[in-house]
Structure formats: structure tokens, C-alpha cells
Amino acid sequence: MTDFNKDYKVPFVPSNMPFDENQQQWLGGFLAGLHSRLLLKEESSAQVAAPKAVRPLTIIYGSQTGNAEGVAYDCAELAKGHGLAPQVLDMDDVELPTLAASERLLLITSTYGEGEMPDNAQLLWDAIESDQAPSFANTYYSVLALGDTSYDEFCLAGILWDKRLEALGGKRIAERVDCDGDFEAAAESWMAEAVSTISQKGSDGGVSSAATSQKKVKSQYNRKNPLQVELIDKRVLSSPDSSKEICHFELSLGGSGETYKAGDALNIIPANQPAYAAELLQLMGCTGEELEPRDGESVTLKQLLTEELEIRTPSKEFLAELSLRAGNAELAQLLADEDHAPLNDFLYGKDIVDLLKASPLAEFSAAELLALLKPIAARAYSISSSIKKHDKEVHLTVSSIRYEQEGREHMGVCSTYLADLVEAGDKVKCYFVPNKSFAVPENDELPIIMVGPGTGIAPFRAFLEEREVRAATGSNWLFFGDRNSKDDFIYRDELEVMQASGLLTRLDLAFSRDQPEKIYVQDRMLEQGAEFFAWLERGAYFYICGDAYRMAKDVDKALRTIVAEHGSMDTAAAEAYVNDLKKTKRYVRDVY
Ligand SMILES: Cc1cc2nc3c(=O)[nH]c(=O)nc-3n(C[C@H](O)[C@H](O)[C@H](O)COP(=O)(O)OP(=O)(O)OC[C@H]3O[C@@H](n4cnc5c(N)ncnc54)[C@H](O)[C@@H]3O)c2cc1C
Ligand SMILES: NC(=O)c1ccc[n+]([C@@H]2O[C@H](COP(=O)([O-])OP(=O)(O)OC[C@H]3O[C@@H](n4cnc5c(N)ncnc54)[C@H](OP(=O)(O)O)[C@@H]3O)[C@@H](O)[C@H]2O)c1
Ligand SMILES: Cc1cc2nc3c(=O)[nH]c(=O)nc-3n(C[C@H](O)[C@H](O)[C@H](O)COP(=O)(O)O)c2cc1C
């Protein structure tokens, strides 16, 4: 019903005033005009906003660093143009029965760890994988999988979701697309097909929750259009006697206007060591001055190998071709093996030059070899500063990869590009990678527990700086460690100042090689189990950063042991407790 007073203002006429004839005529005309204006208004509003049939579309994402999340929001924008009312949901915010009731479902997920679900997808996956999972017989769906072919289990999380939805009766409306590192083009073509097809499926009507579908604001900088930042300072944090080298880098964002939050990562696009490029050129029988076409221009082969191509880590295509050309039965067997562990063991520490040298029978022309090299990959680094403390700066904490193998010196591409090739004043190509859940609590009064051995300390330096600037009153507990206290206690001075000021409430250290038996951060956690559990009960957030393959798994086990023991819970109850921490984003990880 139209509210007259709201939509049209009637001229004020005192109620006690009698109307003369003229006035009555005027009033009659006014009311007639008003009536026709109202009719017009109702007609036009019927054209513009008559209650249309709402066709809901559920878009869910599993995402660790925001790529899948970004695609989900792009997908929602596209869906609106197809008469759909999209709702974008983090998988952690989805209940399985509600999902099964969705008639139209698009699922976008990356893969993490070694073929694992991203953290925010794990609980929903556990639910759908169980025997009690509901039927999806009324659901039309399609899956987009983000991944990277350099990992063994390419896009496994997306593959598993696709198969499981089908097994539960879901009707696939567009084939799954598995995307490699440069996912944008493949994601767009999947989106175009999936959205258009799904818009034709299912019934009209339903409840729209489109209000939650807000497009993420994306930075203009990415792999293809990187930001150029200036290195303003670098220093070695570990001692010269250390068995490893960890460096601190400070980069200036200048007037770019780019920003980040503590917990995000920075992707660096490196250049290769010239010595590596020279070795490869020699094996190719080239001088490096040969010209190669690139984007309509010519560049020298040397420039291509130094700046644009991944010349250290072998691609799967390179390995397959090498085994074929060299007639290498051992490599062929390893490549064919479903268990990837033996291949990984064989490849560990070997680069392309090692493999070519070990296979003298494999002959490649320069052009054939070039076709098997991938574009140089960006490497992620957890940001170790808070922009609130260091205006327009971003800091990194990087462990340099250097080792000798079979008489050749090996250097990690990006870690040694930063350590050896970039000097203060030089520009570095990079772009930010947001990590939404990996952040200090919004409520400054809540305590936090951080576990970050080795370079895992990086984001926690940022967290502590952030909490300092915000004058957060919540307690801060850090578990840190590395090989030796004398040589590897990085940021020691800063941490001691933070302890003295009361910012760092507790610092528990585990130097693994200071004594005959190994002592790790999880041993310190277990020693302090009662206190640790008390912090969790007080609402503490729990964070892990660093090595994914050994440390993060063992720390997770220690957490469950503590919860069971000090919370007097059986295994199932402890698991439910930990799951709840995950679901409420009070247990988050940044592991690699
Ligand atoms: C989200 C995220 C955050 C990260 N944050 C950080 C961080 O804060 N600090 C940090 O230092 N790193 C961090 N990393 C790791 C970083 O991205 C790079 O993987 C790392 O610096 C190595 O890259 P590189 O180019 O130097 O080495 P590459 O050229 O890529 O070579 C790596 C390869 O070298 C081989 N190798 C390495 N060590 C040895 C050895 N001792 N013996 C034999 N072979 C070996 C292995 O085959 C390994 O795969 C992070 C990764 C991710 C995904
Ligand atoms: N694939 C590998 O074999 C390998 C080896 C080293 C590093 N890395 C990678 O190198 C990167 C940077 O490493 P980093 O410099 O940050 O440090 P790091 O090599 O992860 O070591 C930091 C500390 O963690 C200890 N540690 C080893 N295993 C552990 C476990 N299961 N639980 C808890 N702590 C454990 C180490 O002890 P000890 O070294 O004394 O055991 C050391 O004291 C990471 O990406 C890491 O995954 C890989
Ligand atoms: C530590 C780490 C582990 C990864 N593991 C895999 C993997 O096992 N399989 C795969 O296909 N991709 C893997 N990837 C690649 C990611 O899936 C890919 O970068 C994806 O675009 C990330 O999307 P997200 O930002 O939405 O999480 C991994 C990436 C990282 C950083």
C-alpha cells in the first residue's frame, strides 16, 4: 500500500478552515492530479520492481589465499546478469543439509598441502564424506578446481568434491575445469558455461539471500601486472656461524596506495641466478645472444632464461619428455607410479641442469627445450610487518636455500634472488596475497597463541606489531624455535623488548639442536598443557605458521592431546572442540 504522506507532500490546509468554491475546485484538481500521478508511479514500479520470480544460486568456495574466493564473487556478478540471485558462502559457513537443499550450486575450491582441502573446506568435506551425508538428487551443480600442476595431487580437492556430489545424486551441468597457476582464463570460460547452463535449470522461486553477495575489491596488481617496489633495507638475521641463512627485507610501497593486513603474504616474481642461465645455455649449445620472439618483440635467449622462465624446477612435461628421449626406464617407472613419493625422493634437490647432465643421450634442440620450460613462478612470503607500525612498508623474513649436491652448488631461485641479486634501491616485482582468516582477532581483549618456528615467526612479528599499535589488551603467547639458540634466534632483540614492555606475555623457546635430543615447539606446548588449555578456554585464538609437512602436523596432534588431557575429553569430544575452534576461525594456519 502506498503511503501518501511519505511519497507526496499535500499542501498544508488548516483543518478548521472552511473551503470556499474556488478552494474546493482547486482541491478537486489537486486530488485528481495526485491520483493520476500515483497510478503512473504504481505502473512504472510494476515494470521495474514487480515481485519477480527469484532463482537462487548458491556459490560456495574453499580458499586458502583468496583466489577461489575471488572467482566466487566474480561468478556471482555474472550470475546476476542471468536472472539469478546468487549467494556466495565460505564453506565454513555452510551446513550440509542446507547445501543439499540448494537447487543450483556452483562450487569453487583450491587444493592445499599435499592434495588436501583448504582449511575452510575441511569440515564441510568431512561432513559430506560421511555415510550420513544427505542426497543431492535435487541439486544441479558444477565444480571449478584451482591448483598447480607442480604439485603431485593436481586439483585433488576439486576432483573429490565433483565425484562426491555426483555419487550423492547431484546432477552435473558443466564439466569440472581444473585450473593451473594462471587460472583466470580457464576460470572465466568455466564461469560462462556453468552460469549460463545452470540459469536454465531448476524451478523458479525460492528465497533469495543475494544481499550477502558483495564483490570483493581486488587489487589491480597480480602476476601479469605486478607492482614494482623498492628494496630499502636488507640484513642477515642468523649469525655467520649458523648452518642456515635467514634474511630480513624491507620494501617500500611508495605512493602505490597498496596496503595489506598483518597475516597476508607477498608474492615475489624473481629472476634466475645468471650462473644457472649460463649453465643451461652451455648445455643448449647457445651463446645467449640468439633472439627469441616474445609478445611481438625480440628478446635475447639469455634474457628469457634469466627473467622469464622457470629454469630450476623441472615441469612434468619436461620430465616425461626427458624419460622418453633418454630411454630412461627408471625415470619412466617413477613417473608412471601412482605413489608419488619415490619420484619426489628421486627429484629432491635436483634441478633441470642436474637432470640434463645425468641424461646425455637425451637430445633437445634449444627450441624444444624452451617449449618445455614454464613461466617463472612467483613465490609467496608471509609478511612480517604491520603497515600500521611501518608506514608504506612491507617486511619479509626469508630462509635462503643453498646446498651442494653432486659437486654443484644449488640455490633456491627466489630466496637467493632476494639475498644475492637485489640491492637497496633496486625494484622488485610483487603482488599481495590476502589471507582473510589469518588475522589478529577483531576483539583486542582476546588472547592469542602463536606457534612459528623458523621462518614461521614472520607473520607473528606482524601480529605483535599490530597488537602493539592497536594497544590491544589481550595477552600474546609465542612459541618459537630453530636449530641453535646462539645462531638462529632471529628477532631476539625485538622479542626481548616486547617481553620487557609486557606486549609479549609469554615466549616459549625450542632450539632443536642445542642438546642431544631434539626439542620442538610442540614439546613446549605439551609441557605447558594446563596453561595452554586455560588460554583456549579464555577464548584464545590459535595460530600456526611454517613447515606444513612435519611441524604443522605434529603441532596439530599436540593441540588435540592438550585438549583431551586438560579438558578431560575423550578423542571424539576433543576433535569436536578442535573442529569448533576451526569453524569459528580461532584455529588458523599459514603453512607451506
Ligand atoms: C603462503 C606461503 C608463505 C610462505 N612464507 C615464507 C616465509 O615467510 N619465509 C620463507 O623463507 N619462505 C616462505 N615460503 C616458502 C617460499 O614461498 C619458497 O618456497 C621458498 O623461499 C623457496 O623458494 P626458492 O625459489 O628459493 O627455491 P626453489 O628454487 O623453488 O627451490 C626449492 C626446492 O629446492 C629443493 N631444496 C630445498 N632445500 C633443499 C636442501 N636442503 N637440500 C636439497 N634440496 C633442497 C627442494 O627440491 C625444493 O622444492 C612461503 C610459502 C607459502 C606458500
Ligand atoms: N622438505 C624438507 O625436508 C625440508 C627441510 C627443511 C626445510 N624445509 C622447508 O624450508 C622452509 C623454511 O624452513 P625454516 O627455515 O622455516 O625452518 P625449518 O626447516 O622448518 O626448521 C625450523 C625448526 O623446526 C624444527 N623442526 C623440524 N621438524 C619438526 C617437527 N616435526 N616439528 C616441529 N619442529 C620441527 C627444526 O629442527 P631440526 O631441523 O633440527 O629437525 C628447526 O628447529 C619451509 O618451507 C620448510 O618446509 C623443508
Ligand atoms: C602450500 C601450498 C600447497 C599447495 N598444494 C597444492 C596441491 O596439492 N595440489 C594443487 O593442485 N595445488 C596446490 N597448491 C596450489 C593452490 O591450489 C593454488 O595456488 C590456488 O590458486 C590457490 O587458491 P586459493 O588462494 O583460493 O587457496 C598449493 C599451494 C600452496 C601455497
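**Ligand shells and helix packing in a predicted model**

Is Thr416 buried or exposed? Thr416 counts as buried because 21 C-beta neighbours lie inside 10 Å, and a residue needs 20 or more to be classed in that way. When its neighbours within four places in sequence are left aside, Thr416 is in contact with Gln273, Ser400, Ile401, Arg402 and Met411. Val398 is 18 residues from Thr416 in sequence, and the C-alpha atoms of the two are 9.2 Å apart in space.

The protein as a whole may now be considered. Its secondary structure comes to 22 helices and 21 strands. Of the 592 residues in the protein, 38% are buried. Among contacts between residues at least 6 apart in sequence, 77% join residues that are at least 24 apart.

The two other ligands have shells of their own. Around ligand 2 there are 21 residues, and the closest are Gly454, Thr455, Ser512, Asp547 and Arg550. At least two residues of this shell are supplied by each of strand 18 (476-482), helix 19 (521-527) and helix 21 (551-566). The shell around ligand 2 divides into 6 nonpolar, 8 polar and 7 charged residues.

Two packed helices are described by the angle between their axes and the distance between the axes. The axes of helix 20 (residues 529-537) and helix 21 come within 9 Å and cross at roughly 90 degrees. Helix 20 and helix 21 are therefore roughly perpendicular to each other, since angles of 65 to 115 degrees are placed in that category. Helix 20 contributes Gly529, Ala530, Phe532 and Phe533 to the contact, while helix 21 contributes Ile562, Val563, Glu565 and His566. This contact of helix 20 with helix 21 has 5 nonpolar, 2 polar and 1 charged residues.

Helix 21 also packs against helix 22 (residues 571-583), at an angle of about 120 degrees and with the axes 9 Å apart. Helix 21 passes helix 22 in a right-handed crossing. On the side of helix 21, the contact is made by Leu559, Arg560, Val563 and Ala564; on the side of helix 22, by Thr571, Ala574, Glu575, Tyr577 and Val578. The residues of the contact between helix 21 and helix 22 comprise 6 nonpolar, 1 polar and 2 charged. Val563 takes part in the contact with helix 20 and in the contact with helix 22.

A further pair is formed by helix 3 (residues 67-80) and helix 7 (residues 184-199), which pack at an angle of about 40 degrees with their axes 10 Å apart. That angle makes helix 3 oblique to helix 7. The crossing of helix 3 and helix 7 is right-handed. Val71, Asp74, Cys75, Leu78 and Ala79 of helix 3 meet Ala187, Met191 and Val195 of helix 7. The contact of helix 3 with helix 7 divides into 7 nonpolar residues, no polar residues and 1 charged residue.

Most residues other than glycine have a negative phi. Asp295 has a positive phi, near 50 degrees, and is found in the loop between strand 10 (291-294) and strand 11 (297-300). Asp295 counts as exposed because 5 C-beta neighbours lie inside 10 Å. Ala471 likewise has a positive phi near 50 degrees, and its place is in the loop between helix 16 (458-469) and strand 18. With 8 C-beta neighbours inside 10 Å, Ala471 also counts as exposed; the cut-off for exposure is 12 or fewer.

Methods:
Residues numbered from 1 in each chain as written. Chains lettered and ligands numbered in written order. Predicted model: local features only at pLDDT ≥ 70, side-chain atom pairs only at ≥ 80, totals over all residues. Near = placed C-beta within 6 Å. Helix = DSSP H or I, 4+ residues; strand = E, 2+ residues; numbered from the N terminus. Nonpolar A, V, L, I, M, F, W, Y, C, P; charged D, E, K, R; others polar. Axes fitted to C-alpha atoms, helices over the stretch in contact; angles between N-to-C directions. Left-handed = near helix turned anticlockwise from the far one by under 90°. Contact = placed C-beta atoms within 7 Å. Parallel < 35°, antiparallel > 145°, perpendicular 65-115°, else oblique.
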